[in-house]
Amino acid sequence: MSNYLTNHRFLKMNGLGNEIVVLDLRGEKHIVTSDEAIAIANDPRSRFDQMMVLHDPVTPGTDAFIRIYNTDGTIAGGCGNGTRCVAWALMADAEISAGFQGTKLHLETKMGPLVCERRGDVEFTVDMGVPLFGWQDIPLAHEVTDTLAFEVPLEGYKFVPAAGVSVGNPHIIFFIDNVADWDVHKVGPSLEHHPLFPERANISFAQLVAPDHFKVVVWERGAGATRACGTASCAVAVCAYRKGLAGRDVTVSLPGGDLQIEWRDNGHMFMTGPVELEWEDHFRPELFAGVR
Ligand SMILES: N[C@H](CCC[C@H](N)C(=O)O)C(=O)O
């Protein structure tokens, strides 16, 4: 492992149990390689679903640029839970916030800008942008008549139409009767890699509890089953609204807890939820038994 990481701030956090590492590489030119990301993810102390690496801002007026890595070393366009963790780090962490004043932060990923607002000690709202519903946007490998109801075989289960959307990353949702009947470990891997999804996909099973409440379980592209997924919660909320199942303001209950999603009239999705800091240190190779 390259020693350029040494001494950079390393935070192990989570957003509703979605395991997040925040690595502050601002001021550093190196970009973490896929192999380095995998090595950090493979160490039990720093195991992550997503690693959020902070770089110097690219667009004037923004506070930082974030590169997002999945457990398997691939890059993700968006990560809702991780973005809230970054917001906490830059606004509130004793060391890297550098006494940040105010309650608003402008972040940027390869998918565009992300504005974060602090709501409380550990509670943040993120403007997750505008969802895209075209088959090329999701993307699908070929055109389907209706991206809110198309066919993907679910081996071993009765047919349920799939809904697709891009919220900065590809999401496929199955609106089903009861999440307890679905084993994401069983169906997730083959759906994530299904040939209909040329960039692979995050897979969700969503159960309507009430028009303002869903129970959701997620199999994430590049990370597997996670305890919570912010972008999937946005994806469920906007597809449910467009299918006439729900209103614009919904609670999404994930295995790790609840997120609030609001799809405002201006087309933007707003996600609100908590973060937790587990431990922080400076990156030192000896901290990571398996990382060399
Ligand atoms: N856990 C993340 C999503 C990661 C998405 C990633 N698995 C991908 O698109 O490759 C969230 O809270 O939104």
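The legends below describe close-up views of a predicted model.

Residue numbers start at 1 in each chain and follow the sequence as written. Because the model is predicted, local features need pLDDT of at least 70 and side-chain atom pairs count only at pLDDT 80 or more, while totals for chains, interfaces and linings use all residues.

**View 1**
The protein chain divides into domain 1 (3–126 + 275–287) and domain 2 (162–267). These bounds come from an automatic or database domain assignment. The domain centres, taken over C-alpha atoms, are 23 Å apart. Across the boundary, 17 residues of domain 1 are in contact with 20 residues of domain 2. Two residues are in contact if their C-beta atoms, placed from the backbone, lie within 7 Å. The side of domain 1 that touches domain 2 has 4 nonpolar, 11 polar and 2 charged residues. Here Ala, Val, Leu, Ile, Met, Phe, Trp, Tyr, Cys and Pro count as nonpolar, Asp, Glu, Lys and Arg as charged, and the others, Gly among them, as polar.

**View 2. The annotated cysteine pair.**
An unreviewed UniProt entry annotates Cys79 and Cys229 as "active site". UniProt positions are given in the numbering used here, feature names are shortened, and annotations may be inferred rather than shown by experiment. The two positions are spread over 151 residues of sequence, yet they cluster in space, with a largest C-alpha distance of 7.5 Å.

Cys79 sits in the loop between β5 (75–76) and α2 (80–92). Helices (H or I, at least four residues) and strands (E, at least two) are DSSP runs, numbered from the N terminus. Cys79 counts as buried because it has 30 C-beta neighbours inside 10 Å. The cut-offs, with C-beta atoms placed from the backbone, are 20 or more other C-beta atoms within 10 Å for buried, 12 or fewer for exposed, and partly exposed in between. Leaving out residues up to four places away in sequence, Cys79 touches Gln50, Met52, Ile68, Gly230 and Thr231.

Cys229 sits in the loop between β13 (224–226) and α4 (230–242). Cys229 is buried too, with 33 other C-beta atoms within 10 Å. Beyond four places in sequence, Cys229 touches Asn18, Asn81, Asn202, Val218, Glu220 and Leu254.

**View 3. The shell around the ligand.**
There are 19 residues around the ligand, and Ala76, Asn81, Asn169, Gly230 and Thr231 come nearest. A residue is near a molecule or strand if its C-beta atom, placed from the backbone, lies within 6 Å of it. Helices α2 and α4 are the elements that give two or more residues to this shell. The shell has 4 nonpolar, 12 polar and 3 charged residues. Domain 1 and domain 2 each supply at least three of its residues. The unreviewed UniProt entry marks a "binding site" at positions including Asn81, Asn169, Gly230 and Thr231.

**View 4. Asn169 and Thr231.**
Asn169 lies in the loop between β9 and β10. With 28 other C-beta atoms within 10 Å, Asn169 is buried. Outside its four-place sequence neighbourhood, Asn169 contacts Ala76, Gly77, Gly78, Asn202 and Thr231. Thr231 belongs to helix α4. Thr231 counts as buried, with 30 C-beta neighbours inside 10 Å. Contacts of Thr231 beyond four places in sequence include Gly78, Cys79, Gly80, Asn169 and His171.

**View 5. Gly168 in its loop.**
Gly168 lies in the loop between β9 (162–166) and β10 (170–176). Gly168 is buried, with 25 other C-beta atoms within 10 Å.

**View 6. The buried side of helix α1.**
Glu36, Ala37, Ile40 and Ala41 are buried in helix α1 (residues 34–42). They lie on the same side of α1 because they cover an arc of only 135° around the axis. The arc is that of the directions from the helix axis to the C-beta atoms. An α-helix has 3.6 residues a turn, so residues three or four places apart point the same way. The buried residues of α1 pack against β2 (18–24), β3 (50–55) and β4 (64–70).

**View 7. Backbone details.**
A cis peptide bond joins Ile138 and Pro139, with omega about -10°. Pro139 is in the loop between β8 (123–127) and β9. Asn7, in the segment before β1 (9–15), has a positive phi near 80°. Asn7 is exposed, with 11 other C-beta atoms within 10 Å.
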